[in-house]
Amino acid sequence: MTNMNMIQSLNSALDIMLDRDPDVIIFGEDVGYFGGVFRTTDGLQEKHGDHRVFDTPLSEGGIAATAFGMGLNGLRPIVEIQFADYIFPAYDQIVNEMAKIRHRSGGEFWSPVTLRTPAGGGIRGGHHHSQSPESQFTHTPGLKVVYCSTPYNAKGLLISSVESNDPVIFFEPKRCYRGPFYGDPHKVPTYRIPLGQARMALEGSECTVISWGAMVHVCEQAIKDSGFSCDLIDLQTLVPWDKETVVGSIEKTGRCVIVHEAPKTSGFGAEMSASIQERCFYHLESPIVRVTGWDTPFPHTTEWDYMPGPTRIAAAIAQTQED
Amino acid sequence: MMSSDDSKGSIRVPDAPFRPGEEASFDSWPWKPGDFAMPDPKTCEFKDTTELANGLVRVLDDDGVASGEWDPGLSAEELQNGLEHMVRLRIFDDRMMKMQRTGLLSFYMRSLGEEAVAIAQTMALQEQDWIFPTYRQPGAQFVRGRDMVSMICHCIGNEEDNIKGRQMPVHYSYREGRFISVSSPVGTQFSQAVGVALASSYKGLDEVTITWIGDGASAEGDYHYALNFASVFNAPVILNVVNNQWAISTHANFATGIGDFASRGLPYGLPSIRVDGNDFLALYSVTKWARERAASGAGATHIEVLTYRTGAHSSSDDPSRYRPGDEHTKWPGGDPVVRLKEHLINIGEWSEESHTELEEKIDSEVVEAYKEAVKFGDLANGPYPSADTIFTEVYEEVPWHLQEQHDEMMGG
């Protein structure tokens, strides 16, 4: 039996939740009969029936609104927005409705929707199949924001997201869908990774590298290339992020590089950088460095020049070591 | 050769039929009430409702006489109950508006002229049905038995406000009555209601969802998402467009290029009906028909509720700036309270005296409720919900970063 890739582990998580909870229902564009353009829902309609796993009109706003309403009336919908770039017709429903309902109704109503969406570059997708809009959701109170990076954490985080009674925006790095392979979800049928808990992907002493999504793997290569001993923190959940792990690591290393592929200005790296200097200023030995996508639309043919690569990240790690 | 003037293009911008200083007249009103046959709600297809979508279902004529197949045949007691709720809403609104003017609440929105809409329609439903309102359907709560004191406490944002001072007045939430929290972004509830209804389908329950949207908000994408999803997935939902002519200062002419809302449901495959929104009996009957249809599994109904927003959009609005001040007096639909009252008098079940008695009874009911509510505070004087409620129910549990901010605010 080979390891599962991320598509298979996400599929397994969905299958488990459909089995376990009759209130779980899955819908979105192409997710039903066909099993999703990335195959994430492959076989689920056949196994669980088309009343539980079904296709919808091409209408992200309608998908989000319908899911929200179902959640109000006792269901636990998992919906797919086919690409994160296409989430914006649903933005009002997510930001003003899903995120606010529990608070605005004094706790009388809530809607536990999990909204899965493939995000990020590296598949030659151009600017409308490559964006990573996590910071457009981390700025909204009431949402939890999750970004998986490996087959192993994809499964455990998705199960926790579906079980959460808060709405969760679940980003999947499509570049990692079919590799690399970490962990072995296949041998562990069901497990949870709690939301709000980071993963220490590498342990070291000279620098803390913080990242999420596909960039975690690029950081790993960059750390090897740099020759420095680094903690590599895979944040996994951006809201709420894991304060203990981050602060503990910075207090140990005194140096920090933050890496994400979304644009720099107002990216979630800015939030991390500000929070770290507020909490760890007297432990910092050098300025925090951000390595991010440029503040431009995401390019097509030149995407490798756009996204942080091992060379830029390794240089940033080296920069933190200068006195 | 064209001169520079000739080469200028132009955009055809609609206008309201009448502006301040002009004589309003609805003589050319295209909606002629007819004696329409009632199709079988369980088998009716959208094509069978073309006449209903192009016409106007009306039961009460100008003399308060009920007739036709759509007469729901309500008992005198049911009619009196409906009248009482409408009078209650109107007097309640007046009291709240006075409180707003004296600074005891920040903002208010009356249902004036539209009292029949939520009240008749909610009375036509079953108690297990879900209500997904806008800010212009608070009357549904009276039908569902909400305590008036609790409603006032919400409006004045005091420490007994069940939503803890988190939303503006009139943004009620009343779970016990299956009345879902009102949201300010107009239209969002319309598509959400389809989701609520589909959850009922999924669970196999005899539940129908009713929702409303304004003529103005029907230009939002959510309106179209709702009609399409309701049609594609055969949702047990009642989709009402309350065409009250005005979206703040924007006339309904700007919401649709065809001067018509009801028939917009037909190309989505939804049976569509225009109903006189000031006719309690017609509203009740059309809603009951749609409920029966939805509950039978036949799907959604799209209804244009034709009415007139007699009052201002809100306490922050001054309609004299954009429409004739007496336009509402010309409205062919008249006043919904007066029409039901006259009908009851016609059938010998009501009198001017009993109406005056009712108004006096409700007036003291509202005054008593008001006195009770302000004991818990008001917006001008407090006490308010405790400040730490800012941080609760943002999530199911308070996460660490909100706890930190809470402690910072509390000086901890």
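Predicted model: local features only at pLDDT ≥ 70, side-chain atom pairs only at ≥ 80, totals over all residues.
## Where the chains meet

Let's start with the contact between the two chains. Chain A puts in 37 residues and chain B puts in 36 residues. On the side of chain A that touches chain B, the elements giving two or more residues are helix 3 (60-72), helix 4 (91-98) and helix 5 (101-104) of chain A. Helix 3 of chain A gives the most, with nine residues.

What classes of residue make up the side of chain A that touches chain B? That side has 17 polar residues, 13 nonpolar and seven charged.

## A helix pair in chain B

Over in chain B, helix 5 (residues 148-155) packs against helix 10 (residues 352-374): their axes come within 9 Å and cross at roughly 55°. That angle makes helix 5 of chain B oblique to helix 10 of chain B. As for handedness, the crossing of helix 5 of chain B and helix 10 of chain B is right-handed.

Which residues do the touching? From helix 5 of chain B come B:Met148, B:Val149, B:Ile152 and B:Cys153, and helix 10 of chain B answers with B:Val366, B:Ala369, B:Tyr370, B:Glu372 and B:Ala373. Sort the residues of this contact by class and you get eight nonpolar, one charged and no polar.

## Strand 9 of chain B

Now for strand 9 (residues 301-306) of chain B, where six of six residues are buried. In a regular strand, side chains alternate between the two faces of the sheet. Here both faces are covered, with B:Thr301, B:Ile303 and B:Val305 buried on one side and B:His302, B:Glu304 and B:Leu306 buried on the other.

Which strands pair with strand 9 of chain B? Strand 5 (residues 237-243) of chain B runs parallel to strand 9 of chain B and is joined to it by six bridges; B:Val242, for instance, has B:Val305 as its bridge partner in strand 9 of chain B. Strand 8 (residues 272-276) of chain B also pairs with strand 9 of chain B in the parallel sense, over five bridges. There, B:Ser272 has B:His302 as its bridge partner.

## Strand 5 of chain A

Back in chain A, is strand 5 (residues 144-147) covered or uncovered on its faces? Both faces are covered: A:Lys144 and A:Val146 are buried on one side, A:Val145 and A:Tyr147 on the other.

Strand 5 of chain A runs parallel to strand 6 (residues 168-173) of chain A, and four bridges join the two. A:Val146 turns up again here, with A:Phe170 as its bridge partner in strand 6 of chain A.

Key:
Residues numbered from 1 in each chain as written. Chains lettered and ligands numbered in written order. Axes fitted to C-alpha atoms, helices over the stretch in contact; angles between N-to-C directions. Parallel < 35°, antiparallel > 145°, perpendicular 65-115°, else oblique. Left-handed = near helix turned anticlockwise from the far one by under 90°. Contact = placed C-beta atoms within 7 Å. Nonpolar A, V, L, I, M, F, W, Y, C, P; charged D, E, K, R; others polar. Buried ≥ 20, exposed ≤ 12 C-beta atoms within 10 Å, placed from the backbone. Pairing = 2+ DSSP bridges.
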